[in-house]
Amino acid sequence: MPEPTAASIEPSETGEAPTARKRPKPGERRVQILQTLAAMLEQPGAERITTAALAARLSVSEAALYRHFASKAQMFEGLIDFIEQTVFSLVQQIVGRELPDADQPPEVGARQAVRVVALLLQFGERNPGMVRVMVGDALVFEHERLQQRMNQFFDRIESTLRQCLRLAAAGSATPTVDAQVAASVLTAFAVGRLQRYARSGFKRLPTEHLDASIALIL
C-alpha cells in the first residue's frame, strides 16, 4: 500500500520555534489506518481486531477512526479494494486485454494460467496481513458481504484461469469441461496454499515447490 508522506512542520500557536506535528493530508489518514490494520493482521491470534485496539496502535481515539470510515466493515472493504485492484491489474498485464485466441499455440494459455497462479501466491507471500482477509480468517466476525466479496474475487480468478486454459485443452474431445476442471483445481490449490500460509503463522510459504506442484496439476 502507498506509504504516507512525511509529517508537516508548522509553527506553534504561541509563536515559539516550530515543532514537528503529524498533520495527515486528506486521504492520508485513511491509508495509515488501512496499513496499520493490515500490519496488525500479521500478528498471531489477530483474526479479530477491535477498533479500540486499532485506535490505540495509531494513538488516536476510536471517534477519529470513524471520521474516516463509517464502520470496521468499511475498513475491511478498503483492504479488499486494495487486493482486487493490485491483483487484477497484474493479471491484466499477464493476459493482456484479450485472452489467448485460436491463432496462438496451446502452451500460451497454460503458461498464462501458471503465471496468474504464481502472482496470486506471490502477492499473498508479500502481504501476510492481506492473506487473513483473502482466506476469510479475518472476516469470520464481520459482515457477510465481505466474505461474499472475497468469494467473488476467487470466482473471478477461476474464470480467468478457465479462459486461459481453453486454448491449452483445444486438442481434447471436451475442451470446455477440461478447462473448467483444471481452473477449479488450480484455484483450490492457490486458496489452500494461502490458508496453509496463514495457519502456519506465515512460515510455510505459498510459493514453496510451486513449479513442481503445478506440473502435477497440469
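User: Of the contacts in the protein with a separation of 6 or more, what percentage is between residues 24 or more positions apart?
Analyst: Such residues account for 65% of those contacts, where contact means heavy atoms within 4.5 Å. Please note that this is a predicted model, in which local features need pLDDT of at least 70 and side-chain atom pairs count only at pLDDT 80 or more, while totals for chains, interfaces and linings use all residues. Residues are numbered from 1 along each chain as its sequence is written, and side-chain values use heavy atoms, with hydrogens and water left out.

User: How many helices and strands are there?
Analyst: The protein has nine helices and two strands. Helices (H or I, at least four residues) and strands (E, at least two) are DSSP runs, numbered from the N terminus. Along the sequence the pattern reads β-β-α-α-α-α-α-α-α-α-α.

User: And what share of the residues counts as buried?
Analyst: Of the 218 residues, 42% count as buried. Buried means under 20% relative accessible area, exposed over 50%, and partly exposed in between, with a 1.4 Å probe and protein chains only.

User: Let us turn to H1. Is it mostly covered or mostly open?
Analyst: H1 is mostly covered, with ten of its 13 residues buried.

User: What span should H1 have at 1.5 Å a residue?
Analyst: For its 13 residues the value should be 18 Å, and the end C-alpha atoms are 18 Å apart, which agrees. The expected span is 1.5 Å times one less than the number of residues.

User: How do H1 and H2 pack?
Analyst: Helix H1 (residues 28-40) and helix H2 (residues 51-58) meet at an angle of about 110°, with their axes 10 Å apart. The axes are lines fitted to C-alpha atoms, for helices over the stretch in contact, and angles run from 0 to 180 degrees between N-to-C directions. The two helices are therefore roughly perpendicular to each other; angles under 35 degrees count as roughly parallel, over 145 as roughly antiparallel, 65 to 115 as roughly perpendicular and the rest as oblique.

User: Which residues make that contact?
Analyst: H1 contributes Arg-29, Gln-32, Ile-33, Thr-36, Leu-37 and Met-40, and H2 contributes Ala-53, Leu-54, Arg-57 and Leu-58. By class these are six nonpolar, two polar and two charged. Here Ala, Val, Leu, Ile, Met, Phe, Trp, Tyr, Cys and Pro count as nonpolar, Asp, Glu, Lys and Arg as charged, and the others, Gly among them, as polar.

User: What about H1 and H4?
Analyst: H1 and helix H4 (residues 72-95) pack at an angle of about 85°, with axes 10 Å apart, and are therefore roughly perpendicular. On the H1 side are Arg-30, Ile-33, Leu-34, Leu-37 and Ala-38, which meet Gln-74, Met-75, Phe-76, Gly-78 and Leu-79 of H4. This contact has seven nonpolar, two polar and one charged residues.

User: Which residues does Leu-37 touch, not counting those up to four places away in sequence?
Analyst: Leu-37 touches Ile-49, Leu-54, Met-75, Phe-76 and Leu-79. Leu-37 is buried, with a relative accessible area of 1%. The C-alpha atoms of Leu-37 and Leu-79 are separated by 8.7 Å, although these residues are 42 apart along the chain.

User: Moving to the other end of the chain, how long is H8?
Analyst: Helix H8 (residues 175-199) has 25 residues and reaches 36 Å from its first C-alpha to its last, close to the 36 Å expected. H8 is followed by Gly-201, whose phi is positive, near 70°.

User: And at what angle do H8 and H9 pack?
Analyst: H8 and helix H9 (residues 210-217) pack at about 150°, with their axes 10 Å apart. They are therefore roughly antiparallel to each other.

User: Which residues meet there?
Analyst: Val-185, Leu-186, Phe-189 and Arg-193 in H8 meet Leu-210, Ser-213, Ile-214 and Ile-217 in H9. The set divides into six nonpolar, one polar and one charged.
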